[in-house]
Amino acid sequence: MSNVAFLWDESFLWGLMAYKTLKALGLSFELIRSEDIRKGCLKNYRMLFVPGGWASNKLRSLGIEGIEEIRRFVLRGGNYFGICGGAGLATIEGVGLLNIERKPTKQRVPSFSGRIELNIENHYIWKGLDSNIDSKCRIQDSCDADPSRIFYAWWPSQFVVNDKDINVVATFGNALPDAFSSDLNVGDVMEKGSWEEFENFYGINLNPERLKGEPAVVEGRYGDGRVLLSLIHFDTPGDENGAVVLKNIWEYLGDTEHSRIEYNPTCFIHQESVQSSKNHYFQTLHDCSSSIIDFGLRNFLWFWRTPMLLQWRRGVRGLEYCTLYIMTKELTALTEQETLQQQDLLLKDFTLFKEKALLLLMLERTDMQKGMITYEHSDNPDIKTLRVELFGNSKSYGGKFKQILDKIDQILYKKLISAPERI
C-alpha cells in the first residue's frame with residue numbers, strides 16, 4: 001500500500017499527465033476520488049497529492065464533507081502537495097489550508113506557458129538539482145539561464161501570500177525564449193516586438209517580466225501537517241529537473257524512499273506513435289477527437305508543443321480539444337472488448353460534438369481574418385451560440401464538452417485502477 005493518495009477528480013488532462021509521469025518515475029501512489037475522501041480514506045495515507053485542473057470544479061466535487069476531511073487529515077499531521085489547480089484548491093478561496101489568495105486575472109499574467117527559470121531558496125525538495133548535469137538548456141541560441149533551475153509552468157495562477165509564516169520556497173525568474181505568453185513566442189517578442197504594444201492590443205498582461213519575483217512554490221503548516229503548493233508543473237513529461245524534485249517531495253512529504261530516478265519512456269504516448277486500438281468503441285471515440293485536432297493543424301489554429309500539450313491561437317479552445325484527444329488516445333491503448341453502459345449514447349453525443357466543434361472552429365478561423373477574437377468575445381452570433389452549447393458560459397469546463405469529458409473520465413479511471421500496469 002502506498003503512502004500517497006492521488007486525487008483524480010476534475011483533473012482530466014493534468015491528472016493523466018501527472019499519472020504517467022509518476023508511473024514513468026516509479027513513484028508510488030494510489031488513485032482516489034472525492035467520494036473516497038468523504039468516506040474517510042485519507043487516514044490510510046501520509047500525503048494527499050492533487051494535480052492540476054480547475055480548483056473551483058475540484059471544490060464542488062469534494063463537497064463540504066470532503067473539504068472537512070482534507071482539513072482534518074492535514075490538521076492531524078497529514079501532508080498536502082498541490083500543483084497548479086491542486087495548489088489553488090488549498091488557498092483561502094478553497095479548502096483554506098494556507099492564508100494565500102490568488103490574484104485576480106486582470107492583475108496577473110494569465111496566459112504564460114513554457115519554460116521558466118526559478119530563484120530557489122534552501123529546501124529539501126531541491127536536493128540533487130546541481131548534480132543533475134544532464135539537464136540541457138535546449139535553446140538554439142545562447143542562453144544564460146542555469147539549466148538546473150529551469151522548470152515548466154503551464155498557464156499558472158499567481159499567489160498573494162498573506163501570512164509571514166508561509167515560506168516562499170521559489171520565485172519566478174526569467175522566462176526562456178521558447179516560452180509563450182498567450183499565443184506570442186517570448187523570444188520573438190523580446191527580440192523584435194513590444195510587450196506594451198501587444199498588451200494594449202490584447203487587453204491583458206502579457207510581459208513575463210511581470211512574473212519575476214512572484215511566489216512560485218510555497219510551504220506552510222496547517223495544524224500538524226505540511227502544505228506544499230506549486231505553480232510549477234514538476235510533473236511535465238520528460239522534465240529531468242522536475243523528476244528530481246518529485247522524487248524529493250515523495251520522500252519529504254510521503255515518507256517514501258526512492259534510490260534513483262529512471263524514466264520509462266513507454267509510459268508516454270505521442271500522437272503519431274500509437275497503433276490503432278483493437279477496441280472499436282475506444283478507437284471511434286479517438287477518431288472523433290483526431291478529426292478535430294487534424295482540422296486545427298491544417299488551419300494553423302494550433303501545433304504540438306509537447307506530446308501531451310498543444311499551443312493554440314488566441315480565440316479558440318485549444319486546451320479542451322487537446323484534453324479530449326489525449327484522454328481518448330489513452331483509451332485506445334486498452335484492448336479489452338466489453339460492453340459499456342450507454343456507449344452508443346456517448347458515441348452519438350461525441351459525434352455531434354465533433355461536427356459542431358468543426359463548424360465553430362471554421363467560424364472562429366474566419367473571424368480571425370477580420371479582427372481579434374477571444375474565447376469569450378466575438379461579435380458573431382453563431383459563434384456565441386455554439387460556444388455556449390459546447391462549452392458553457394465560463395472558461396472553466398461546461399456544456400456538452402464537460403458532459404462528454406466526464407463520461408470518458410469515468411471509463412479511464414476504471415481502467416487505470418483495474419489494470420494500472422497497462423498504461
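How are H9 and H12 oriented to each other? H9 and H12 are roughly parallel to each other, a term for angles under 35 degrees. The axes of helix H9 (residues 318–332) and helix H12 (residues 399–418) cross at roughly 25° and come within 10 Å.

This is a predicted model in which local features need pLDDT of at least 70, side-chain atom pairs count only at pLDDT 80 or more, and totals for chains, interfaces and linings use all residues. Residues are numbered from 1 along each chain as its sequence is written, and side-chain values use heavy atoms, with hydrogens and water left out.

Helices (H or I, at least four residues) and strands (E, at least two) are DSSP runs, numbered from the N terminus. In contact (heavy atoms within 4.5 Å), residues of H9 including Leu-324, Met-327 and Leu-331 meet residues of H12, among them Phe-401, Ile-404 and Ile-408. By class, this contact of H9 with H12 has nine nonpolar, two polar and three charged residues; Ala, Val, Leu, Ile, Met, Phe, Trp, Tyr, Cys and Pro count as nonpolar, Asp, Glu, Lys and Arg as charged, and the others, Gly among them, as polar.

The whole structure holds 31 aromatic pairs. Rings of Phe, Tyr and Trp (its six-membered ring) pair if their centres lie within 6.5 Å; planes under 30 degrees apart count as stacked, over 60 as edge-to-face and the rest as tilted.

| Pair | Centre to centre | Between planes | Class |
|---|---|---|---|
| Phe-81 and Trp-250 | 6.4 Å | 90° | edge-to-face |
| Trp-304 and Tyr-325 | 5.4 Å | 50° | tilted |

Trp-304 lies in strand E14 (residues 302–306) and Tyr-325 in helix H9, so the pair ties together parts that are 21 residues apart in sequence. Both Trp-304 and Tyr-325 are buried, meaning under 20% relative accessible area.

Technical notes
Axes fitted to C-alpha atoms, helices over the stretch in contact; angles between N-to-C directions. Parallel < 35°, antiparallel > 145°, perpendicular 65-115°, else oblique. Buried < 20%, exposed > 50% of the residue type's maximum accessible area, 1.4 Å probe, protein only.
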